[in-house]
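Here is a short briefing to keep beside you as you look through the model.

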Amino acid sequence: MSVAVRLLDAPDTGRVGGRLRERLGVGGIVAAAFVLLLALAAAFASVVAPYAPNHEDFLNTSSGPSAAHLLGTDELGRDILSRLIWGAQPSLLGPLIVISLATVIALLAASTAVWCGGKVDLVISRILDFFFAFPGLLLAILVVALYGPGLLQCSFSLGIAYTPWIARVTRSAMLKERSKPYIAAVEVQGLSGKAIALRHLIPNVSSVIWSQATISFGYALIDLAALSFLGLNIQPPRADWGVLVNNESALLQGHPAEVIYPGILIIACVSAVTYVGNQLASE
Amino acid sequence: MTGLLEVENLAVELRTGKRYRPVLHDVSFGLGRGEVVALVGESGSGKSMTARAIMGLLPPDGRVSGAIRFNGEDVRTKTKGEMREFRARRAGMIFQDPRAAINPVHRVGDFLTEALVRERGMDQREAMKRAEALAEEVGIDDPRRRLRQYPHQLSGGMLQRVMIASVLLAEPELLLADEPTTALDMTTQAEVVAILDDLRRARGMAMVFITHDLELAAAFSDRIAVMYAGYIVEISTPAQLREQPLHPYTTGLLASRPELRERTRRVPQIPGRPRSAAEAPPGCPFNDRCPYVQPGCQQEVPEIRVIDGSLARCIRTDELRADRDRSVFSPDVRPSVD
Amino acid sequence: MAGYLGRQFLSLVVLLVLSSFLIYGSLFLAPGSPDAVLFGNHTVSPAVRAAVDAQYHLNEPFLVQYWHWATSALQGNFGTSIAFRTSVAGRISAVAGTTIFLVVYASVLITFFGILLGVISALGPRKLDGSIMVATNVGTAVPTFVASVILIEVFAVKLRWFPVIGAGSGFFGRLYHLTLPATALALWAVAYLTRVTRVSVRDELHSDPVMTATARGLHPKVVIARHVIRNALIPIVTVTGLQIAGLIAGTVIVEQAFGLNGLGQLLLTSVEQKDFATVQAVSLILVSAFIVTNTLVDILYTMLDPRIRPGSRQA
């Protein structure tokens, strides 16, 4: 970084690591660790889970907790704990696709809009406004109607639907950053628009982006699980947490635990992610 | 003194987090009917806090000691109902920034009449008539139309006139004007203060006038109380203050005004920066910036005492007076501080 | 003022046209010919095929087709369901009542409880505030479908206070049958609105106008009503409106969870049965409702804040 930029007091982008811990606080670190643990369990499900997800133990159907089945079994004798662990894979992978897609498009849209300004900004903002008019869930349903159910279809449509939310916040943060004197200084030095966006705009609004992406992850997890619950996302016998909740017969036959466990897992995971996201946003 | 208002040994500490930090120390002054006292000082000196303490508008978790007597009754021991009555009829406060202080979602007319209608049960039409008449008096043209507008449609100067009118409508005995012109343009400042003073005088209202502008204070007040770091360091009449400042801080303030007529190479300044009450050094709060500092100044806070009919809080006032002809703050003869 | 409403109306129309265009055009984004999409896996006689082609004007250019579809949709004609050989409009009107009742019911719950709890939390005793905050913290993490399942388990299966299934008939029958679904639908939004209300009221409590009002000796009730609540209402109304607009998509989930025969359920079964004409029609209705609600929120918000109200420029 040149001297002129330093003199104009460019925000410090170097010390993210140390400040991250400060920002998260004890609660944030615990919450992040919880989500990380779930992700690890999902990634190594074949090692961690005691059974295969669809292994049926005919002698132990709808059993309560036991040494062999820590959380019991469902009506087909499948191990509930194993199904929860295996279910974590699509449950966490889906939201990851959603926010990756949404964040990348949002970043492109926002930085183009902010950098070009004027008519380009207007057009991009209008397009974003238009996509606000589509609730994510409806967009996903429409896409599933066309292309059939599945994780990719659902994740892609939610990714599109989430883009305007992230883009709008990013755009306004970038606009604020854009007006700071140090940007004018590097502009005068002849840095190209792309380089300024990549090296200054995006890094300096990164905390806003990370926070938005993290909070959106929670919402995406809920929406994708809901789509599974509706039978539009993951198809049985494969299961994510949403499919596991969609088990009315278990309720009616008096085995609510099968439904409650995945429900609690969703609630805990979303709370943790949202908490981390809010901590990231706090100054 | 025919005391309308007597403030005696007022001390205030406000809470930030778990700690209490002092904002006012041993503030005492009196005010007769129809009189004007100006509180002058830099930001953080405690002027506004004094006004808020009088109105009972300090944060509820603050610690307050001393007495604030209005017509002989202590304001601090009033019940909630009595306090409302006091604020509604006895004392009115004009805030610094009318744009912030006046609720943007109600029409100007509703703002003016709301106290009359809701607290005194006056008929809306009658209240509006009064408001329009007074609006005209404070210099709002076409009040009928203006009163139907919203605050954001009026200029800052107009809004401050609305603020003044709203306080005058209640016909209080005491006005507290907290930097009423600071947020305004230079050109409207003098006009607004002049209107305020005229209307106050005609109604026989007393006023505590808070400003950081010594000139403005001298023009409109009977007595000036100079505040520094939560203390009153000097109380004097404007004439006496100009002729014979008793406290080194006052001397510095007087010296640091740029003169329009003279061209100087450098405006003399008080060395260092102003201290708030929480930052003041032990002993005399001004000792780290005072050219007259001596070891005694750092020992204990000087008592405020009568000198030539004025009051000052300095142990070296007599020596300062002897030295008066030679301004210690002029750039040529600035003594070293440390 | 008229100009402002005109502009709002214009942008509403543009949004509606664009979204209907997208919904209709999606037919051509699908793999396979529009015919294949429209007929799904249903085998149809040449006569029916010809009728559908005529109805969709499939032999004409795309824009003409869209024009026919959109104009007949405006007249309430959504064509014929291939799967059921009945008019789509008929199927929609048969179930729309349940969905509308559900959304209105949930909206009332959200507005009433969200604002009430938020105000209590901001102004009431500290202990109450604490427990309301804990409850809303949990509430905002509970997905609608999980809430549905929990409500069914507790109040329908265990306690048997409410029926498990069915939408009921008559006003009170519906009220009774739809209480659990409406609660499930409203729960997340109530929790969220409570938090927004609490923060907005708290912020206003320490605002300058409140200090001014207090300094004028106004009664606390007047201060709260005219200077705290009135000002806090601006963000509160906005969020309430957005939450209510959001319910429209949520009905799909709740209707599925409670087995209610409403628009959402119709949409889902149509997706399952590849009845694309119905999918388009229901999507169009739900999206339009969403857009119209959002526009109304915009207008209401502008009315509440004189600073941005049209026709009140600085004079």
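Helices here are DSSP runs of H or I with at least four residues, while strands are runs of E with at least two, and both are numbered from the N terminus. Counted that way, chain A has 13 helices and 0 strands. Please keep in mind that this is a predicted model.

**Chain A**
- The C-alpha trace of chain A spans about 75 × 45 × 25 Å along its principal axes.
- Of the 283 residues in chain A, 45% are buried.
- Among contacts in chain A with a separation of 6 or more, 70% join residues 24 or more positions apart.

**The largest nonpolar core**
- This core has 260 residues, and those with the most contacts inside it are A140(A), I141(A), I266(A), V162(B), A165(B) and L176(B).
- Helix α11 (residues 220–258) of chain C gives the most to the core, with 17 residues.
- In chain B, domain 1 (5–225) and domain 2 (231–329) both give residues to the core, so it lies between them.
- Beyond its neighbours within four places in sequence, L176(B) is in contact with A51(B), I54(B), M55(B), A91(B), M93(B), I94(B) and V208(B).

**Where chain C touches chain B**
- Chain C puts 21 residues into this contact and chain B puts in 23 residues.
- On the chain C side, α10 (208–215) and α11 are the elements that give two or more residues.
- The largest share of that side, 6 residues, comes from α10(C).
- By type, the residues on the chain C side are 7 nonpolar, 8 polar and 6 charged.

Key
Residues are numbered from 1 along each chain as its sequence is written. Chains are lettered from A and ligands numbered from 1 in the order in which they are written. This is a predicted model: local features need pLDDT of at least 70, side-chain atom pairs count only at pLDDT 80 or more; totals for chains, interfaces and linings use all residues. A nonpolar core is a set of buried Ala, Val, Leu, Ile, Met, Phe, Trp, Tyr and Cys residues joined through C-beta atoms within 7 Å. A residue is buried if 20 or more other C-beta atoms lie within 10 Å of its own, exposed if 12 or fewer, and partly exposed in between; C-beta atoms are placed from the backbone. Domain bounds come from an automatic or database domain assignment. Two residues are in contact if their C-beta atoms, placed from the backbone, lie within 7 Å. Ala, Val, Leu, Ile, Met, Phe, Trp, Tyr, Cys and Pro count as nonpolar, Asp, Glu, Lys and Arg as charged, and the others, Gly among them, as polar.
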